[in-house]
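Subject: Structure for you to look at

Hello,

Here is the structure I said I would pass on. Please open it first and then read the notes below.

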Amino acid sequence: MATLGIPQNTIAVLQKYHFNFQKKFGQNFLIDPHVLEKIVEAAGVTKDDFVLEIGPGIGTMTQYLCENAREVTAVEIDTNLIPILEDTLSAYDNVTVINQDILKLDIAKLAMERNGGKPIKVVANLPYYITSKIITKIVSSSTPINRLVAMVQKEVALKLCSEEKSPLKMMIDYVGDVQYELNVPRHVFMPAPHVDSAVISIHKERVISQELIDLIEASYTAKRKTLYNNLKSLYHDQTKELLESCGIPVNKRAEELNIDDYIRILERGHTL
Ligand code: SAM
């Protein structure tokens with residue numbers, strides 16, 4: 001099977017299998033070798049690495065990952081792509097394809113079985129319709145994941161790499177950091193999406209606890225409400241006392257707090 005990632009080979013595969021793009025799965029396949037190389041480079045993939053790829057499509061990036069990693073597991077939701085992947089990846093003996101929704105996959109179990117619980121890397125050209133859910137799942141996972149390299153909408157990449165606060169940004173600030181890697185114009189995809197993309201990398205250095213995630217998410221429940229009102233669901237009639245003991249005015253809103261404020265609330269909350 002010829003190397004994918006250039007328009008004529010991608011078209012040949014799509015025609016051979018009479019493949020119909022499924023909009024609901026956010027299918028836009030990469031057709032630019034330069035971008036593919038840059039993604040693998042940003043992930044720093046070496047022959048020591050176990051890589052989880054989310055949404056391999058017809059296997060374009062998977063081929064690059066197989067060339068560079070020790071082992072690759074690719075998780076694809078679209079059953080119609082499975083016979084295509086068997087064909088396009090037939091030259092590699094270091095890849096496993098799983099036909100599943102990534103949101104339902106037990107990543108910890110996979111990492112334990114395939115990599116002895118050692119840190120894994122995650123690489124993904126993400127379907128835009130669930131970008132945020134997938135990044136949240138990876139960032140909040142207790143599995144050792146030392147790097148996530150993801151293609152996302154440019155607008156999302158700019159937000160995550162800015163000072164703008166959001167629950168996801170708070171979680172990323174806690175576990176490590178995020179970097180803007182490269183701009184990816186819409187014309188390097190087939191079919192071309194309506195927006196430009198960008199590649200970001202998230203370096204994960206520590207695990208975030210479920211209670212800190214719950215606190216951050218509760219704080220942002222209703223955007224227009226104050227922190228006090230949002231946190232009443234967790235701390236009930238002790239909310240006011242808790243915020244005051246942390247030196248946080250009760251009329252503040254979630255986006256006015258930084259990650260250290262949340263850690264302080266959580267720690268004080270334990271002593272109530
Ligand atoms: N990696 C390929 C590439 O770069 O050419 C395809 C990227 S395409 C933007 C997104 C891929 O994710 C599609 O193959 C789509 O079917 C798959 N996908 C969408 N939702 C998914 C989910 N929940 N779990 C796993 N794969 C999913």
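**Strand β2 and its sheet**

Strand β2 (residues 50-54) is largely enclosed by the rest of the structure, because five of its five residues are buried. Buried means under 20% relative accessible area, exposed over 50%, and partly exposed in between, with a 1.4 Å probe and protein chains only. Helices (H or I, at least four residues) and strands (E, at least two) are DSSP runs, numbered from the N terminus.

Before going on, note that this is a predicted model, in which local features need pLDDT of at least 70 and side-chain atom pairs count only at pLDDT 80 or more, while totals for chains, interfaces and linings use all residues. Residues are numbered from 1 along each chain as its sequence is written, and side-chain values use heavy atoms, with hydrogens and water left out.

Both faces of β2 are covered: F50, L52 and I54 are buried on one side, and V51 and E53 on the other. β2 runs parallel to strand β3 (residues 71-76), joined by five bridges, and I54 stands opposite V75 there. Between these strands the chain passes through helix α3 (residues 60-68), and this β-α-β crossover is right-handed. That term means that, with the strands pointing away from the viewer, the path from the first strand over the helix to the second runs clockwise. β2 is also parallel to strand β5 (residues 120-125), with four bridges, and the bridge partner of I54 in β5 is A124. Two strands pair if DSSP finds at least two bridges between them.

The open sheet has seven strands in the order β4-β3-β2-β5-β6-β9-β7, with mixed pairing. Its edge strands, β4 (95-99) and β7 (176-184), each pair on one side only. β7 and strand β9 (residues 197-204) are antiparallel over eight bridges, and Y180 has I200 in β9 as its bridge partner. Helix α8 (residues 167-175) packs on the sheet, touching β7 and β9, and its direction makes about 115° with that of β7. Contact means heavy atoms within 4.5 Å; axes are lines fitted to C-alpha atoms, for helices over the stretch in contact, and angles run from 0 to 180 degrees between N-to-C directions.

**The ligand**

Which residues are closest to the ligand? Of the 22 residues that surround it, the closest are G55, E76, D101, N125 and Y129. A residue counts as near if one of its heavy atoms lies within 4 Å. An oxygen atom of the ligand lies 3.0 Å from a polar side-chain atom of Q27. For L30, a backbone N or O atom is 2.9 Å from a ligand oxygen atom. A polar backbone atom of G55 is 2.8 Å from a nitrogen atom of the ligand.

**Helix α9 and the loops**

In helix α9 (residues 210-219), the buried residues include L212, I213 and L215. The buried residues of α9 pack against α6 (131-140), α8, α10 (227-235) and α12 (259-270). T226 sits in the loop between α9 and α10 and counts as buried because its relative accessibility is 16%.

Most residues other than glycine have a negative phi, and most peptide bonds are trans. H18, not a glycine, has a positive phi of about 45°; H236, also not a glycine, has one of about 50°. H18 counts as exposed at 67% relative accessibility, and H236 counts as exposed at 52%. M190 and P191 are joined by a cis peptide bond, with omega about -10°.

Regards

How values were computed. Polar contact = N/O pair within 3.5 Å; in protein donor to acceptor, adjacent residues only side chain to side chain.
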